[in-house]
Amino acid sequence: MFSYCADPDTLSGLKWLSCYLTTGKHLSFYISFGVVLLLLAITAPAALLFGFGGAAAARSRIWPVNWLGRIYIAIVRGVPDIAFFLFFVIALDQGFEWMRHQVLCPDWDQPIRQGNDFIVCAQAKLPLGNAPQWIHEVYGFFLAVLTFAIVFGAFAANVLFGAMRAVPHAQLETAEAYGMTRRQTFWRILVPQMWVYALPGLSNLWMVLIKATPLLFLLGVEDIVYWARELGGTANPRFTQYPHGDWRMWYFLALLVFYLGFTRVSELVLDRLMRKLSHGQATTGGEAQRKAAA
């Protein structure tokens, strides 16, 4: 903070604003943008991993595996996102604690479920009651990432399953005719070619994932929406050195600019990736590249 910020009552104009925007709470606000980017950086590959596993399971010839993959895709896609987020985080947290309880407290003789209360031994709590605050925050973030990955993994699985079916079947038959096993055909022929068909759907899913990050606020993570509401609300002179009226419109306008800018950068990167994947492929994009080079 600037040295002249020691006495905010004597400041005015840009100096007052510069002091206001460099307070400790605003530092947390700026860090929360990194939290959102970190969530996207971890969730996107994790969701893609869940999606690939779900799609591979859904096309399996082993009926229990096929059934499991299709059920995963159908159930998660059929439940409203907000309901899934509010319910699943609680269920996931209690599931982890229940497993720890069975291992760490085998002599426990009381029911875990007592009415509306879920009670486990102190050693099984996650995080532990005496854990520092940052452990609680990291654990909450972990639950949020896992929930996002499972939800958007189901949508990714549906996209990848359709992309796998879009790869010309004649190419798979040709690979098998040359002596490739089903596994070799899958990894060497099907998987490399499916991405060009999957990318349009995955691009849309990426945009939806970006727009879904404000749901972190509902999961108890102090994200940019939390701090925009916290800092933008009316500040009473009795509780702060920087009193102001209701400034939430300006804070949410900053979030609007951030999300619009981020989606625009994403569009440019995805468009370039699509051109790269289409090169040499027997698709509309690949054919257009060949005609342009001719």
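**A cis proline, a disulfide and some helix packing**

Pro127 sits in the loop between β2 and α5. Please keep in mind that what you see is a predicted model. The peptide bond from Leu126 to Pro127 is cis, with omega near -15°. For background, most peptide bonds are trans.

How many disulfides does the structure hold? It holds one. The partners are Cys105 and Cys121, and their sulfur atoms are 1.8 Å apart. The angle about the S-S bond is 85°, and the link of Cys105 and Cys121 is right-handed. The pair joins distant parts of the chain, 16 residues apart: Cys105 is in the loop between α4, residues 81-104, and β1, residues 113-114, while Cys121 is in the loop between β2, residues 117-118, and α5, residues 133-166.

Are these two cysteines buried or exposed? Cys105 has a relative accessibility of 11%, so Cys105 counts as buried. Cys121 is buried too, with a relative accessible area of 3%.

The loop between α4 and β1 also contains Gln110. With a relative accessible area of 44%, Gln110 is partly exposed. Gln110 and Ala47 are separated by 63 residues in sequence, and their C-alpha atoms are 38 Å apart in space.

Now to the helices. Two packed helices are described by the angle between their axes and the distance between the axes.

Helix α2 covers residues 24-58, and α2 packs on α5 at an angle of about 45°, with the axes 5 Å apart. At that angle α2 and α5 are therefore oblique to each other. Their crossing is right-handed. As for the residues in the contact of α2 with α5, 24 are nonpolar, four are polar and none is charged.

Next, α2 with α9. Here the angle is about 30° and the axes are 13 Å apart. Angles under 35 degrees count as roughly parallel, and α2 and α9 are therefore roughly parallel to each other. The crossing of α2 and α9 is again right-handed. Which residues meet there? From α2 we have His26, Phe29, Phe33, Val36, Leu37 and Leu40, and from α9 Tyr251, Leu255, Phe258, Tyr259 and Phe262. By class, the contact of α2 with α9 has 10 nonpolar residues, one polar and no charged.

One residue of that list deserves a word of its own. His26 lies in helix α2. Its relative accessibility is 2%, so His26 counts as buried. Leaving aside residues up to four places away in sequence, His26 touches Tyr20, Leu21, Leu231 and Tyr251.

Tyr20 takes us to helix α1, residues 13-20, where Trp16, Ser18, Cys19 and Tyr20 are buried. What covers them? The cover of the buried residues of α1 includes α2, α8 and α9.

That leaves α8 with α9. Helix α8 is residues 224-232 and helix α9 is residues 248-278; their axes come within 8 Å and cross at roughly 155°. Why call this pair antiparallel? Angles over 145 degrees count as roughly antiparallel, and α8 and α9 are therefore roughly antiparallel to each other. α8 passes α9 in a right-handed crossing. On the α8 side the contact uses Ile224, Val225, Ala228, Arg229, Leu231 and Gly232, and these meet Arg248, Tyr251, Phe252, Leu255, Phe258 and Tyr259 in α9. Sorted by class, the contact of α8 with α9 has nine nonpolar residues, one polar and two charged.

Arg248 is the last stop. Arg248 lies in helix α9, and Arg248 is partly exposed, with a relative accessible area of 36%. Not counting residues up to four places away in sequence, Arg248 touches Ala228, Arg229, Gly232 and Gly233. Arg248 and Glu230 are 18 residues apart in sequence, with 8.5 Å between their C-alpha atoms.

To recap: there is a cis peptide bond from Leu126 to Pro127, and one disulfide, formed by Cys105 and Cys121. α2 is oblique to α5 and roughly parallel to α9, while α8 is roughly antiparallel to α9. I can take questions now.

Conventions
Residues numbered from 1 in each chain as written. Predicted model: local features only at pLDDT ≥ 70, side-chain atom pairs only at ≥ 80, totals over all residues. Heavy atoms only, no water. Axes fitted to C-alpha atoms, helices over the stretch in contact; angles between N-to-C directions. Helix = DSSP H or I, 4+ residues; strand = E, 2+ residues; numbered from the N terminus. Parallel < 35°, antiparallel > 145°, perpendicular 65-115°, else oblique. Left-handed = near helix turned anticlockwise from the far one by under 90°. Contact = heavy atoms within 4.5 Å. Nonpolar A, V, L, I, M, F, W, Y, C, P; charged D, E, K, R; others polar. Disulfide = S-S within 2.5 Å. Buried < 20%, exposed > 50% of the residue type's maximum accessible area, 1.4 Å probe, protein only.
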